[in-house]
Amino acid sequence: MIIAAGSWLVFGGAGDLPALPAVGKTRVADSSSAAFSICGADHHVNCVVDGDTFWFQGEKIRIADIDTPELSPPRCEAERIKGEAAKARLLALLNGGKFSLAAGWRDEDKYGRKLRTVTRSGHSLGNTLVGEGLARRWDGARHGWCG
């Protein structure tokens, strides 16, 4: 059993589990990029919806490892202000250079958004937002931002 589990990890099985490091995997260079803008009513091409959702190459992506304040609709003014800041920061991060998208144990959420961790040079852009106080680590449930 231990040998089978070790072989599974060495040959890339850990890439299916979001919290385990991939043992024996070679880091792939970041290769995704686009000129991102803010999404509008009819604009859904390489654009940012809010602090944890964006459109990239025809797919709606939900950043899998974080949760940011809601903008549609915000529940209070504080949530709106922080949500707008998270949205602007995600726009800047995505436009900051090449990045990588990695799927976790679920491919998409109940809304059909692709669930992806977004990294640059092996570091999660979601963690950057968390470190700046604009996001929380995703724990499977939404929590209020209104105090």
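**Figure 1. Confidence across the predicted model.** The pLDDT is the predictor's confidence in each residue, on a scale from 0 to 100. For this predicted model, the mean pLDDT of the protein is 84, and 81% of its residues reach 70 or more. Over residues 1–25 the pLDDT is below 50, and this stretch has 16 contacts beyond near neighbours in sequence, where a contact means heavy atoms within 4.5 Å. Because the structure is a predicted model, local features need pLDDT of at least 70 and side-chain atom pairs count only at pLDDT 80 or more, whereas totals for chains, interfaces and linings use all residues. Residues are numbered from 1 along each chain as its sequence is written, and side-chain values use heavy atoms, with hydrogens and water left out.

**Figure 2. The salt bridge between R62 and D52.** Side chains of opposite charge can pair when their charged atoms come close. A salt bridge is defined here as a side-chain nitrogen of Lys or Arg within 4 Å of a carboxyl oxygen of Asp or Glu, and the structure holds eleven of them. In this one, the side chains of R62 and D52 meet at 3.6 Å, N to O. R62 lies in strand β4 (residues 59–63) and D52 in the loop between β2 (47–50) and β3 (53–56), so the pair ties together parts that are ten residues apart in sequence. Helices (H or I, at least four residues) and strands (E, at least two) are DSSP runs, numbered from the N terminus. R62 counts as buried at 4% relative accessibility, and D52 counts as buried at 2%; buried means under 20% relative accessible area, exposed over 50%, and partly exposed in between (1.4 Å probe, protein chains only).

**Figure 3. Salt bridges of R142 with D67 and of R89 with E132.** The side chains of R142 and D67 meet at 2.2 Å, N to O. R142 lies in the segment after β9 (136–137) and D67 in strand β5 (residues 66–67), so this pair ties together parts that are 75 residues apart in sequence. R142 counts as partly exposed at 36% relative accessibility, whereas D67 is buried, with a relative accessible area of 3%. In the other pair, the side chains of R89 and E132 meet at 2.8 Å, N to O. R89 in helix α2 (residues 77–94) and E132 in the loop between α3 (125–131) and β9 are 43 residues apart. R89 is partly exposed at 28% relative accessibility, and E132 is partly exposed at 39%. Salt bridges that share partners join D52, R62, D67, E70 and R142 into one network.

**Figure 4. The buried face of helix α2.** In α2, the buried residues are E79, G83, A86, K87, L90, L93 and L94. Seen down the axis of α2, these buried residues fall within an arc of 125°, so they line one face of the helix; the arc is that of the directions from the helix axis to the C-beta atoms. Their cover includes β1 (37–38), β2, β3, β4, β7 (114–120) and α3.

**Figure 5. The largest nonpolar core.** A nonpolar core is a set of buried Ala, Val, Leu, Ile, Met, Phe, Trp, Tyr and Cys residues joined through side-chain atoms within 4.5 Å. Of the 18 residues in the largest one, F54, L94 and V118 touch the most other members. The elements that give two or more residues to this core are β3, β4, α2 and α3, and α2 gives the most, with four residues.
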